[in-house]
Structures are given as C-alpha cells and as structure tokens.
Amino acid sequence: MAILEIKHVSKFFGGLAANSDVSFEMVSGMIMGLIGPNGAGKTTLFNCITGYYPPSRGEILFDGHRMNGLNPDAVCKLGMARTWQKVRPLAKMSVVDNVMVGALCRTNSLKKARVAAMEKIQVVGLENRVKFLAGSLPIGERKKLEVARVLATQPKLLLLDEVMGGLNPAESEEIIQLILDIKNLGITQMVIEHDMKAIMRISDRIVVLNSGEKLAEGNPQEIVSNKAVVDAYLGGE
Amino acid sequence: MAVFFQSLISGILIGGVYALIGIGLTIIFGVMRIINFAHGDLLMIGMYLTYFLFALFHVDPFVSIIITIPVMFLYGAFLQKAFINRVLGALPQNQILLTIGMGLVMSNAVMLAFTSDYKILSTTYSSASFNVFGISISTPLLISFAITIAITLTLYWFLYRTDTGQAVRATAQDRDAAQLMGINVKRMSIIAFGLGAALAGTAGALISPTYYIFPQVGSVFTLKAFVITVLGGMGSIVGATLGGVIIGVAESVGGVYFGSGWKDVIVFILFLLVLLFKPSGLLGTSKD
Amino acid sequence: MRTFKHNMRGMSTLPVLLTVAAVIALFLLPNFVESTYALHIMILIFLSVIMGLGWNILGGYTGQYSVGHAAYFGVGAYTTIILMQYRHIAPWYGVWAGVVVAVIIGLIIGSICFRLRGPYFVLASIAVAEIFRVTALNLKNLTNGAEGILITDIPPFKIGDVIITDFMSKVPFYYIGLVILLIAVFVTWMLQNSKLGYYFQAIREDQDAAHSLGINLTVYKNVALSFSVVFTSLAGSIYGLYVGFIDPSTVLALDLSVQIVMTCIIGGIGTIFGPVIGAVVLVPFSEALRSNMIAQAIIDSGLVSENSGFGFFLKEQLSHAHVLIYGILLVVVILYMPDGILGFMRKKISAKRRKEAL
C-alpha cells in the first residue's frame with residue numbers, strides 16, 4: 001500500500017523548471033534515498049510535498065489524501081514532517097521546549113507534551129542538554145534536536161533534508177544509527193543526502209534527480225551500476 | 001481640468017524631490033539591508049543647515065547645496081561608522097529601533113537647541129511663480145526640480161560609470177559575492193550611508209524655501225520615503241525615482257480632490273496596498 | 001522557558017513570596033501615602049506596565065514587533081470617552097465597548113499585516129497607526145479633531161444606591177490600574193505556561209519551522225494580537241478617564257508607540273517582569289525630567305549655579321529633554337543590551353550552566 005505517491009510533479013519558478021515530471025511511489029516503512037547533484041531539485045520537491053508551495057503540475061498523494069495546496073501545518077497534522085537543510089532551532093527556547101513544540105501538535109496538555117518530548121530526547125541522545133538553549137548547541141546536536149522535535153509530531157512519513165550535512169564521521173554515524181532506529185519504529189523516511197556511503201547503507205530504494213528530472217530509480221546496487229547516474233553524478237563528483 | 005493639470009504638475013515637481021529622498025533610502029537598504037528610520041531627520045538637518053547658511057551668511061538655499069552635500073555626506077559616514085555598523089548583524093527589529101532612536105536624538109537635540117518654533121526661509125522668489133498655458137508653476141519648485149534632475153543624472157553617472165559606483169551597486173545586489181570579488185563592503189556601507197544622508201539633506205535644502213522648518217518635520221518625510229522605496233522596490237534606484245514622482249502626484253492630486261487633511265492617509269493606504277499585493281514593489285530587486 | 005529550582009507547580013518559592021508581599025504592599029499603599037503626586041506616578045507606572053505587558057504578548061512572545069500600538073490605545077480611549085461624553089454611556093460599559101472595537105480593528109489590521117515579515121511588518125504597523133491618527137484629526141464631527149475631547153464628568157459608580165466611588169480623587173484610578181495590572185500579569189503568566197505560549201514563541205523564533213510543526217500561523221498570530229489589543233485598549237480607556245482629556249497627538253502618536261516598545265526593550269522582551277522594570281525605570285525618570293526635579297537637584301547639589309548660563313539652560317530646557325533621553329537610551333540599549341536587563345542576566349546564567357555541564 002503506497003504511503004506516498006508522487007505523480008508527474010513539476011514545479012516552475014518563472015521560466016525555470018526546478019522539478020520536471022517527477023514520479024515515484026513509497027511503500028510504508030521503507031527508507032527512500034533522494035540523491036542528485038546540487039540544484040537537481042531535491043529540496044524543491046520536499047518543499048512541494050510539505051506544502052511550502054504547491055506543485056505547478058502533477059499530484060501528491062499521502063495515504064490517499066491529495067496534498068496539493070495544503071499548508072505546512074495541515075501537512076504536519078496529517079502525519080508528514082520534515083527537517084531542514086539549514087537547521088532551524090528555536091534558538092531562544094530550551095532543548096526540551098523545542099521538542100515540546102513538536103509534541104504539542106498532538107496534545108493540548110503541557111504535561112503530556114513534556115513526557116513525549118523527554119522520550120524523543122532520549123531516542124536521539126540529548127539527555128544531557130535538556131535545559132540548554134537550542135541556540136547554544138553545536139551543529140551536530142542541533143541536527144539531533146531537529147530530528148527529536150520532528151519525531152515528537154508523530155509522523156508517519158519523515159523527510160530528512162541533508163541531515164548529515166556538516167557533520168564529522170562520528171556524528172554522521174550516530175545519525176545513520178538514528179535513521180535505522182526510526183525505521184524500526186515503523187516510520188517511513190525519505191532522505192536527501194550527499195554522503196553516498198550512508199545512502200547506500202540505509203536506503204531500500206534510491207531516486208536520482210538531475211536538472212529537475214528523475215534520472216533513475218532502483219535499489220542501491222542498481223543505482224551504483226547505472227551508467228547514466230554514474231556519468232551525471234557519481235563520476236562527476 | 002486646469003485644476004487637475006495644476007495639481008499634476010505640482011505633484012511631478014515635488015515628486016522629484018521625493019525621488020531624491022527615496023533614492024537615498026533605497027541605496028542604504030540595498031547595500032546594508034537596513035531600514036533607516038532616521039532618514040527624515042537627516043532631511044531635517046539639511047533644512048536647518050540651509051536655513052542657518054541663509055540666515056547667518058546670506059547664502060541662497062539652492063547655492064548652499066554645494067556645502068550641504070559634502071557636509072551631510074560626512075555626517076552620514078560618521079553615523080554609519082559609529083552606530084549603524086554595529087548592528088549590521090542584529091535582528092532587523094533591533095536595527096529599526098536603533099535608527100528610530102537616532103532619529104529621536106537628532107530631532108529632539110535640534111528642538112532643545114533651536115526650540116520648536118517654526119522657522120521660515122523666505123527668499124525673494126519664495127512665492128514667485130510663472131504662468132504656462134494658464135497653469136501656475138511655482139518658481140522655487142521648478143528650480144528644485146531642475147537641480148534634482150541634475151543630481152539624479154550625476155548619481156546615475158556615478159553608479160553606472162565609475163568603479164566606486166559600480167562597486168556600490170554590486171554590494172547592493174549581492175553583498176557576499178561582492179566581498180568575494182574583493183570589494184571592501186565596509187567601505188561601501190559607509191559610502192552608501194553617506195550618499196543617503198547627502199541626498200536626504202539635499203532634499204531638505206531644496207524644499208526649505210517652500211516648507212516650514214521645525215524639528216519634527218522629519219517624521220512625515222521618513223514615512224513618505226518608505227512608501228516611495230517600497231513602491232519602487234527596495235534597492236531599486238530607478239524604482240525610487242519613479243516612486244517619488246508617483247507619490248508626489250498621488251499626494252498632490254489626492255489633496256485637491258479629497259482635501260489636504262486626507263492626503264497623508266491616501267499615501268499610507270497606497271503603502272499598505274503595495275505591501276499587500278506587490279511587496280517587492282514595481283521594480284523590486286529584493287532577495288528576501 | 002526560564003526555569004529556576006522547581007518545586008511542585010514549577011514555581012520557585014522565594015520569588016512567589018516576594019511577589020505576594022509586594023502585591024499586598026501595593027494594595028495598602030494609598031492608606032499610608034498622602035502625596036497625590038506619588039499616587040499619580042504609581043498610576044502612570046501601572047498604565048505603562050499594562051501597555052508593556054500587552055505589547056509583549058504580540059511583540060516579545062510572538063515576535064511581531066508592532067510600532068503602531070498607539071492605534072489600539074487611542075481606539076480604546078476614544079471609544080470610551082466618546083460614548084461617555086456624547087452618549088452618556090457609563091465608562092464601566094464603555095471600556096468594554098472600547099475593547100471590542102479595538103479587537104475587531106486589530107483583527108482587520110492583523111489580516112492585512114501578518115503576511116508581512118520583519119521590517120515590513122514594522123512599517124505597516126506604523127502606517128496603520130498613522131492612518132488612525134490622521135483620521136481622528138479629520139473626522140471632526142466624531143472626535144473633535146485636533147482640539148480633542150475634554151471630559152466634563154465621570155458618573156459616580158454605584159451598586160444599588162451605594163456610591164462606591166465618585167472618581168474625585170486619584171485613589172479609585174490607582175486601584176483600577178493595579179487590578180488590571182495584576183490581571184495582565186496573571187494572563188501573561190498563564191500564557192507562558194500554556195500551549196499558546198509555546199506556539200507564540202515558536203513563531204517568534206522561526207516562523208517557517210513553526211509552520212512545519214503544525215502551527216497555523218494566522219490563527220495564533222491573531223490570538224496573540226487579540227490578547228495584546230485587549231490590554232492596550234484598556235490602558236487607553238483608563239488613561240483617558242484619568243487624565244480627563246484626549247487628543248490625537250497624545251493617544252494616537254508614534255511617540256507613544258515607541259515608548260511602549262522601549263518599556264519592554266529596557267526591561268527585557270518576552271518576560272513578565274521586563275515591562276515592570278522598564279516602566280519603573282522610564283516613568284519616574286521621565287516625570288522627574290518633565291517636572292524639573294532633575295534640573296533642580298543638579299542645581300541644589302551645588303554642581304551648577306542657578307544663575308549661570310548652564311544652570312539657566314538646565315532649568316528651562318531639561319524638562320523638554322525627556323524624549324531626547326528616550327532616544328539616547330534606546331540607542332544605548334540596542335547597542336549594548338539588546339535583550340534588556342533581564343535578557344542580559346538570562347544569558348549570564350545560561351553561560352554559567354553550560355560551563356558547569358562541561
């Protein structure tokens with residue numbers, strides 16, 4: 001049963017086609033890797049899916065619901081959440097308060113939100129930082145905070161935008177483990193990432209975008225041996 | 001019909017001066033992304049400077065521009081180095097509050113020093129006018145307009161034909177890229193603010209024969225300057241030029257048909273409409 | 001949220017006790033203080049705190065810096081006074097009418113302005129307030145234009161046949177101000193510790209992130225605005241009744257909007273006690289300047305002779321300087337203490353905490 005269906009989605013900015021006739025499906029519980037060179041349209045696709053702007057053409061179906069034109073808050077309430085390429089901590093609020101904001105999506109009680117928040121904070125391993133102001137955290141912990149916060153909204157589908165960007169190998173490894181843990185919780189994930197080794201390890205399937213178009217789709221083995229992909233992307237890197 | 005043309009012409013003439021104010025503000029915004037709430041007070045200082053040059057040394061206000069421009073430029077450069085520079089990285093709200101504070105200091109210091117009595121600068125030609133096809137054109141306004149055109153052309157020449165000017169424009173378009181290309185963006189900021197102050201001060205000098213001079217005169221012009229720059233597109237010099245003329249005309253024609261008490265409201269409503277429907281303005285280059 | 005040592009309901013004991021003691025002292029104050037001038041200062045402080053707390057909900061917590069709050073102050077004042085003076089509607093109904101009108105206007109303004117971000121929102125808020133001020137100047141039949149409205153009499157407040165107060169002294173205004181202030185503090189405290197408060201702050205910190213976390217920006221901004229407008233409008237109505245005279249240049253002025261923001265900035269934006277500190281600092285200082293107390297003190301101390309040129313200047317001019325000093329204060333605070341007094345302290349404590357964790 002497809003949890004997410006992207007059907008012929010295109011997005012134009014003026015004359016520029018940032019996304020061009022992209023189609024694929026995701027099955028519940030899987031991890032889908034979304035890769036492509038810079039400017040391929042990956043974040044644009046995320047933004048269309050999560051309601052930042054509607055797609056110019058095509059349809060986005062989540063659990064059967066048509067998502068085109070829904071606002072980001074409605075998207076979140078329906079069970080889709082995203083993290084940001086450039087981290088967005090709620091800087092002057094503490095770590096626990098940050099995560100509570102996510103949790104309050106599902107409850108009106110501060111008490112319950114706090115309990116849920118503490119649980120997510122443990123999942124990502126930020127227990128020592130609970131009372132710290134989010135703005136004072138280093139980049140690795142900010143990324144973890146963002147994941148905890150987004151987990152607190154109880155998503156069915158989680159979109160991670162370069163969550164390993166700017167991290168050292170040890171930190172990246174922690175994030176990889178986190179993504180696998182999230183998979184075990186039953187949450188479906190779409191991951192934009194430049195770290196190819198990581199993508200190979202975690203993805204069930206991979207979609208490759210190039211210049212706004214879908215170049216290829218397949219499991220990691222298929223993608224690595226796909227000549228067009230290697231030419232356009234892997235080889236060039 | 002004659003009334004309409006009359007107000008149209010007056011509007012265009014004053015619009016030229018408004019354009020100067022708007023261009024100054026838009027350059028400051030373009031280069032530093034700062035919204036200068038003290039802009040009208042810079043104009044006010046230009047007015048007082050002109051007044052004292054006239055009252056004490058009998059320098060004709062239009063001639064005194066030769067002095068006003070460099071003095072105001074240096075003053076603006078000083079303000080930038082001493083104050084504005086420190087908040088370039090701060091929250092926009094804080095930047096606005098800083099410039100509001102600076103404006104308050106300027107207008108109230110002037111009030112303390114010179115009292116809030118209205119001063120009038122009357123020259124022999126202050127109320128002179130001449131007739132063209134039955135339309136009366138105010139002489140001082142016409143002279144201001146001519147000077148405004150001259151200054152605007154000089155400014156365009158500076159910005160488009162000199163290295164420094166092009167560097168200023170490059171910084172306004174993309175500060176980071178400009179820095180990477182080796183442009184000293186700090187120096188550009190100082191120049192930009194100096195230019196803005198000089199233009200505002202000059203506008204003050206140009207209108208001093210026809211406006212009352214008092215410490216609080218700046219605040220009305222600050223708001224108008226914003227309307228002009230938002231209308232034309234924050235950061236666009238051509239836009240500010242157009243915006244100035246449009247606002248001048250809207251005010252003048254609106255004042256005739258709705259009564260002078262309401263003409264400010266018309267301008268503000270226009271402002272809100274622009275903010276709502278095309279916040280990037282007519283020719284906006286804003287990257288927000 | 002700031003958290004000190006917690007006990008049961010997340011409140012620390014000492015500050016609570018101190019606050020309760022202070023509140024009791026404030027209630028008893030008129031019994032011990034004879035000076036009407038002192039009462040006058042207290043009333044102005046109360047009103048300033050109420051305006052600050054009101055602004056804070058929208059500006060400090062939700063991050064929507066309106067520099068046009070005088071619009072709501074003025075609408076509250078004008079509605080109440082016009083109803084009382086021309087329609088003989090008692091002010092204890094009139095203030096609520098003022099609130100209703102102000103909230104409706106606020107929601108309309110919000111629907112226009114909330115699409116705008118950062119500096120554009122600030123500009124729009126100023127433009128709106130100026131539209132109100134100029135409109136009030138021009139609608140002479142309604143507002144008496146620049147001449148303003150002078151109150152002739154406030155009807156005595158009765159319950160049954162018993163006159164509770166006839167508003168002849170300052171004392172009833174003192175208590176009204178104090179009660180509304182306490183309500184404002186209470187409401188702010190409740191908001192802080194509620195889902196609304198968390199959502200407001202999220203919007204302030206990062207609007208897009210908040211949006212993606214399920215927060216409907218329009219709804220919550222308007223809720224914050226409504227709370228904010230209620231208190232600002234009440235302050236305006238009470239001010240109008242207390243002073244007995246209103247005109248557009250006092251109750252709808254840009255200066256007033258800036259003062260409200262300043263009160264919050266000096267104390268610390270986004271805190272309950274920030275506006276209190278700000279008001280306690282600014283109001284007496286401004287009054288002291290206005291009434292020449294400071295000039296007199298400098299002269300009395302012998303530093304400057306009364307007959308010298310400088311002494312003369314001080315006596316004549318310093319009273320007009322309070323706005324100048326506001327401006328200087330604003331510049332200094334923005335440059336050196338942008339988070340206000342409380343924010344400055346908060347940063348020190350957090351830095352200390354980080355050091356301890358390492």
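Contact here means heavy atoms within 4.5 Å. In this predicted model, chain A places 29 residues in contact with 25 residues of chain C. About 2,500 Å² is buried between chain A and chain C, and carbon and sulfur atoms give 61% of that area. On the chain A side, D73(A), K92(A) and M93(A) supply 20% of the area buried against chain C, more than any other three residues.

Two salt bridges were counted between chain A and chain C. In one of them, R88(A) pairs with D206(C), with the closest N and O atoms 2.7 Å apart. Polar contacts between chain A and chain C number 13 residue pairs, both residues being at pLDDT 80 or more. The side of chain A that touches chain C draws two or more residues from each of α2 (72–78), α3 (95–103), α4 (110–124) and α5 (139–151) of chain A. By class, this side of chain A comprises 15 nonpolar, six polar and eight charged residues.

Between chain C and chain B, 37 residues of chain C are in contact with 37 residues of chain B. The area buried there is about 3,400 Å², with 83% from carbon and sulfur atoms.

Zero salt bridges were counted between chain C and chain B, and one residue pair is in polar contact (both at pLDDT 80 or more). Elements of chain C giving two or more residues to the side that touches chain B are α5 (118–138), α12 (254–267) and α16 (322–336); α5(C) gives the most, with 13 residues. This side of chain C divides into 28 nonpolar, six polar and three charged residues.

Definitions and conventions: Residues numbered from 1 in each chain as written. Chains lettered and ligands numbered in written order. Predicted model: local features only at pLDDT ≥ 70, side-chain atom pairs only at ≥ 80, totals over all residues. Heavy atoms only, no water. Buried area = accessible area lost by both parts, 1.4 Å probe. Salt bridge = Lys/Arg side-chain N within 4 Å of Asp/Glu carboxyl O. Polar contact = N/O pair within 3.5 Å; in protein donor to acceptor, adjacent residues only side chain to side chain. Helix = DSSP H or I, 4+ residues; strand = E, 2+ residues; numbered from the N terminus. Nonpolar A, V, L, I, M, F, W, Y, C, P; charged D, E, K, R; others polar.
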